[in-house]
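Visitor: I would like to learn how to read a model like this one. Where do we begin?

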Amino acid sequence: MILAKSKYSNMALGSQIKNKREGTEIKSVQNRKEELVRNLILENYQNYYKLAYGYVHHEADAMDIVQEGAYKAMLKANSLREESFAGTWIYRIMINAAKDYLKKYTRTYEELDESCGSTETDSSDFELRAAVDKLPMHERTLIILRFYEDKPLSEIAEILQENVNTVKSRLYRTLEKLRKELS
C-alpha cells in the first residue's frame, strides 16, 4: 500500500518541528532566568541578610526571611519579565518576605534593664532603632533601604516601583517624623 503525501501532512510535520524548537527555546530562556536569579541570590546574600536584619533585628529570623525570599525568587524565576531588572525584582521579593514575616510573627522585645549600665551612645542607638521600628512599614522600608543598605534614591525608587521625587518627599517626611520622635 502506498501512502500518498499531501500538503496537509507536510504542514503538520512542519508544525510539530516548529513546536519542538519553540519548546526548546522556552526551556533555554527559563534555565537562563533561573541561573541568573540563583547567581544574584548567591552574590548578594549578605545584602539580603542585612536588609532582613534591618526589619527584625534578630539573626535567626533574618536568615529565615532570606531563605524564604530566595525560595520564592527561585520558584517564580520564570515570571521575571526583564532580566536587566532581576536585582531589584529579588530585592522586592525580600522586602515582601520581611513584611510577611513581621505580620506572621510579631516578636515582642523586652525593655532594657536599667542595671545593664549602657552608655549614652547605646541608649540613643536603642532609641533610634525603637523609633524606626514604630514607623509604618512603608516608611520603615525607606529608612532601611536608604540608611542601612546605602541604596541611592534612584534604586530605591526602582525597588519600590515609585517615582524618584515621590521617594524623596516620603523620605524627607519620614526623617522629620523621626526627628520629632527623638527630640
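Guide: Begin with a cut-off. A residue is called buried when its relative accessible area is under 20%, and exposed when that value is over 50%. Apply that to two tyrosines: Tyr-48 and Tyr-91 are both buried. Keep in mind that this is a predicted model.

Visitor: How many helices and how many strands does the protein have?

Guide: Eight helices and zero strands. Along the sequence the pattern reads α-α-α-α-α-α-α-α.

Visitor: What share of the residues counts as buried?

Guide: Of 183 residues, 30% are buried. The exposed surface comes to about 12700 Å², and carbon and sulfur atoms supply 52% of that area.

Visitor: How should I read contacts along the chain?

Guide: Look at sequence separation. Take the contacts with a separation of 6 or more: residues 24 or more positions apart make up 67% of them.

Visitor: Now the interior. What is the general idea?

Guide: In soluble globular proteins, nonpolar side chains tend to be buried together. Here the largest nonpolar core holds 40 residues.

Visitor: Which members of the core touch the most other members?

Guide: Leu-51, Tyr-55, Ile-90 and Leu-145. As for the helices, α1 (7-43), α2 (45-56), α3 (59-75), α4 (86-104), α5 (120-134), α6 (137-148), α7 (153-160) and α8 (164-182) each give this core at least two residues. The largest share is that of α4, with 10 residues.

Visitor: What does Ile-90 contact, leaving aside neighbours within four places in sequence?

Guide: Val-37, Leu-40, Ile-41, Tyr-48 and Ala-73.

Visitor: Tyr-48 again. How do I describe a ring pair?

Guide: An aromatic pair is described by the distance of the ring centres and the angle of the planes. The structure has two aromatic pairs. In one of them, Tyr-48 and Tyr-91 have ring centres 5.2 Å apart and planes at 70 degrees, so the pair is edge-to-face. Tyr-48 sits in helix α2 and Tyr-91 in helix α4, so the pair ties together parts 43 residues apart in sequence.

Visitor: And charged side chains?

Guide: Side chains of opposite charge can pair when their charged atoms come close. The whole structure contains nine salt bridges.

Visitor: Which residues does Lys-72 meet in salt bridges?

Guide: One is Glu-68, at 4.0 Å from N to O. Another is Asp-100, at 3.5 Å from N to O. That pair links distant parts of the chain: Lys-72 is in helix α3, Asp-100 is in helix α4, and they are 28 residues apart.

Visitor: Which residue forms a salt bridge with Lys-177?

Guide: Glu-139, with the closest N and O atoms 2.9 Å apart. Lys-177 lies in helix α8 and Glu-139 in helix α6, so the bridge ties together parts 38 residues apart in sequence.

Visitor: Which of the two partners is buried, and which is partly exposed?

Guide: Glu-139 is buried, with a relative accessible area of 11%. Lys-177 is partly exposed, at 40% relative accessibility.

Definitions and conventions:
Residues numbered from 1 in each chain as written. Predicted model: local features only at pLDDT ≥ 70, side-chain atom pairs only at ≥ 80, totals over all residues. Heavy atoms only, no water. Core = buried A, V, L, I, M, F, W, Y, C linked by side-chain atoms within 4.5 Å. Buried < 20%, exposed > 50% of the residue type's maximum accessible area, 1.4 Å probe, protein only. Helix = DSSP H or I, 4+ residues; strand = E, 2+ residues; numbered from the N terminus. Contact = heavy atoms within 4.5 Å. Areas by Shrake-Rupley, 256 points an atom, 1.4 Å probe, with all protein chains shown as cover. Salt bridge = Lys/Arg side-chain N within 4 Å of Asp/Glu carboxyl O. Phe/Tyr/Trp six-rings, centres within 6.5 Å; stacked < 30°, edge-to-face > 60°.
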